[in-house]
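Hello,

Here is the structure I promised to hand over to you. Have a look around it, and then read on for what turned up in it.

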Amino acid sequence: MITKKAAKSVTGKLSEKPAKAVGTAAKKKPGKAASPLAPERIHAILDILRKTYPGAVCALHHRNAWELTVATILSAQCTDVRVNLVTPELFKTFPTPKAMAAASLPELEELIRTTGFYRNKAKSIKGAAKVVVEKFDGKVPQTMEEILELPGVARKTGNVVLGSWFKIPSGVVVDTHVMRLSRRLELTTQTSPEKVEQDLIKLIPKDSWIDFAHELIYHGRQVCIARKPRCADCTLEKLCNSSDKTWTSH
Ligand code: SF4
């Protein structure tokens with residue numbers, strides 16, 4: 001159970017708890033802690049995340065599967081906020097896969113320039129539009145195997161679109177936040193997104209794959225940030241033995 005105080009802590013208020021390990025690695029107690037992969041620990045992590053971030057959803061603005069596909073391609077090495085600034089004009093100018101397939105690369109590049117890597121991204125979204133139109137009758141396909149045929153789409157984008165739009169649990173989205181938090185929470189020791197995903201798929205029940213990734217992304221953005229995690233404000237703190245904690249209760 002999360003206390004009201006604990007749930008509140010993710011909203012941005014600094015905790016008033018005294019720091020026990022600020023700036024130092026948390027000390028582990030070998031032999032005393034349960035296995036990091038014990039089913040009851042995994043269950044507790046899922047439970048806390050669900051209660052801390054009820055209704056967590058994909059932060060990329062979209063109105064259909066195609067817009068989410070494009071937005072996710074554009075989000076590589078770019079913030080969702082930046083992508084959300086660019087997509088309204090992009091989809092106003094080229095509202096359908098057919099229109100985007102017929103667009104010129106310079107036109108697309110100009111519209112998405114601020115998302116970075118815009119030349120490659122323009123090629124990807126135009127190429128993806130062409131495949132959707134020519135091979136899938138203008139509709140984003142609903143299997144991982146098929147969606148991976150779109151240029152610029154790898155498993156992460158496939159999982160985002162299949163999970164967030166079609167509600168199909170095809171795998172676990174592994175972005176930079178899911179990668180970092182999964183390692184801090186000792187759910188994996190892997191460093192490649194593909195291998196991290198395979199570990200998570202084995203640990204997390206399939207009906208939680210979609211929400212788990214959304215919740216972990218929220219937690220990574222708000223609390224378990226990369227450089228200085230806000231451990232004193234973290235609802236998972238009691239379950240976390242990460243070596244780069246900034247505060248610990250145990
Ligand atoms: S305790 Fe700290 S390192 Fe562990 S999950 Fe929470 S914020 Fe991240």
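Let's begin with helix α6, residues 105-112, where Leu108, Glu109 and Ile112 are buried. Buried means under 20% relative accessible area, exposed means over 50%, and partly exposed is in between (1.4 Å probe, protein chains only). Helices here are DSSP runs of H or I with at least four residues, strands are runs of E with at least two, and both are numbered from the N terminus. On the face turned away from the buried side of α6 sit the exposed residues Pro106 and Glu110. The cover over the buried residues of α6 includes α3 (65-74), α4 (80-93), α5 (97-102) and α7 (118-135).

Before you go further, please keep in mind that this is a predicted model: local features need pLDDT of at least 70, side-chain atom pairs count only at pLDDT 80 or more, and totals for chains, interfaces and linings use all residues. Residues are numbered from 1 along each chain as its sequence is written, and side-chain values use heavy atoms, with hydrogens and water left out.

Now the whole chain. The protein chain has 12 helices and zero strands. Of its 250 residues, 48% count as buried. Contact means heavy atoms within 4.5 Å. Among the contacts in the protein chain with a separation of 6 or more, 60% come from residues 24 or more positions apart.

What about the nonpolar core? This is a set of buried Ala, Val, Leu, Ile, Met, Phe, Trp, Tyr and Cys residues joined through side-chain atoms within 4.5 Å. The largest one has 64 residues, and those with the most contacts inside it are Leu90, Met100, Ile125, Leu200 and Phe212. Setting aside neighbours within four places in sequence, Phe212 is in contact with Leu46, Leu49, Val172, Leu187, Leu200 and Ile204. Ser182, in helix α10, is buried at 0% relative accessibility. With neighbours within four places again left aside, Ser182 is in contact with Leu187, Thr188, Val196, Leu200 and Leu216.

How many aromatic pairs does a search of the whole structure find? The search gives one. The rings of Tyr53 and Tyr218 have centres 5.9 Å apart and planes at 70°, so the pair is edge-to-face. Tyr53 is in the loop between α2 (39-52) and α3, while Tyr218 is in helix α12 (residues 209-222), so to speak distant parts of the chain, 165 residues apart. For the cut-offs, rings of Phe, Tyr and Trp (its six-membered ring) pair if their centres lie within 6.5 Å; planes under 30 degrees apart count as stacked, over 60 as edge-to-face and the rest as tilted. Tyr53 is buried, with a relative accessible area of 5%, and Tyr218 is partly exposed, at 24%.

Some loop residues deserve a look too. Phe166 lies in the loop between α9 (155-165) and α10 (176-184). The C-alpha atoms of Phe166 and Ala65 are 7.8 Å apart, though 101 residues separate them along the chain. Lys167 lies in the loop between α9 and α10 and has a positive phi of about 60° although it is not a glycine. Most residues other than glycine have a negative phi. Lys167 is exposed, with a relative accessible area of 58%. Glu186, in the loop between α10 and α11 (193-203), also has a positive phi, near 60°. Glu186 is partly exposed, with a relative accessible area of 24%.

Happy exploring!
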